Amino acid sequence: MSIKRIIGSKLYPVVSMLTFHKPKVLSINETLNGLKNGKSLTRFGDGELLAMSNQLKDSFQDNDRHLIIELKKVFTSTDPKLMVAIADTFAFGNMKDINKEDQLFWRAFLVKHWFKLLSIISTRTVYYDAFVTRPYFIFSKNINRENIEKVFNCFKDLWHGKKVLIIEGKYSRFGVGDDLLSGCNEVYRIIGPARNAYNQIDRLEKNIRKYVKTLKPQIILISLGQTATVLTWRLRDLNIQVIDIGHLDVEYNWYLEKATTKTSVPGKWVNEASKPFIEFEDERKLEKYKSEIINIVD
């Protein structure tokens, strides 16, 4: 446990007391209801907010002035079919449902960054909950597993029987090796760069639109960091539900394993694990995945 996190946690009540504009973050259930009603979802986690304020460090995405401009456009979007989500922790609640490790992280993060982010977050008053795609680990020690399972089942229901287009990083491999996508009718994948995907966002968008015309997917899932946040907004005219799906698959694997630490998930990139990537021992698990790839943008 770092000294900075301990100090940040001690200062958190002071920052909370000095904060008069506390945004309202709707619950995970309300966010799921929006998804059930066909709304798209774009998420602003700590990485997206730091990118928007030009504060990214040691990230898979470099700071970029064009990215900043686009993220701000997304963040202030008034499109009724697009849900803009931030972490519930920005509402400055008591975080009683969050495990101790993540409490320390978020309290220290808010102490360090809140007043730099205030002018951005105060541009709107109501947000959806970005933790909807992180339903397990942060709550794993305090929430009934049945409630967590309901979240995963809700996502499975969203794409059950549908033709799905996934846009993801080189080693994301969303749903590979587990049953998260088992109910899909068809799955197609466009693979983006592992680093600085935003540099290729125009090519990615062009290819997505091309394949949407030919394949006619019913739902689009994007797992590509800050680029996913922007792409979800850019594709809002397609009249297809687009979900910035983030770490849902990694969370699902942790849930299945009843993980108590952020461990590696074989075959998938986990930036929060001490060893981010371990390849599948059985390469046969990749056969179906490789057959689903229709385009690679690197």
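Colleague: What makes helix H1 stand out in the nonpolar patch?

Modeller: Helix H1 (residues 3-18) gives the most to that patch, with seven residues. Helices here are DSSP runs of H or I, at least four residues, and strands are runs of E, at least two, numbered from the N terminus. This is a predicted model, where local features need pLDDT of at least 70, side-chain atom pairs count only at pLDDT 80 or more, and totals for chains, interfaces and linings use all residues. Residues are numbered from 1 along each chain as its sequence is written, and side-chain values use heavy atoms, leaving out hydrogens and water.

Colleague: Why is Met17 called exposed?

Modeller: Met17 lies in helix H1. Exposed means over 50% relative accessible area, buried under 20%, and partly exposed in between (1.4 Å probe, protein chains only). Met17 has 61%, so it is exposed.

Colleague: How do you know that strand E5 is largely enclosed?

Modeller: Six of the six residues of E5 (residues 163-168) are buried, so the rest of the structure largely encloses this strand. Lys163, Leu165 and Ile167 point one way, while Val164, Ile166 and Glu168 point the other way. In a regular strand, side chains alternate between the two faces of the sheet.

Colleague: What makes E5 and E6 a pair?

Modeller: Two strands pair if DSSP finds at least two bridges between them. E5 and E6 (residues 186-191) have six bridges, in the parallel sense, so they meet that rule. Ile167 stands opposite Ile190 in E6.

Colleague: Which residue is the bridge partner of Ile167 in E7?

Modeller: That partner is Ile222. Five bridges join E5 to E7 (residues 219-223), and the two run parallel.
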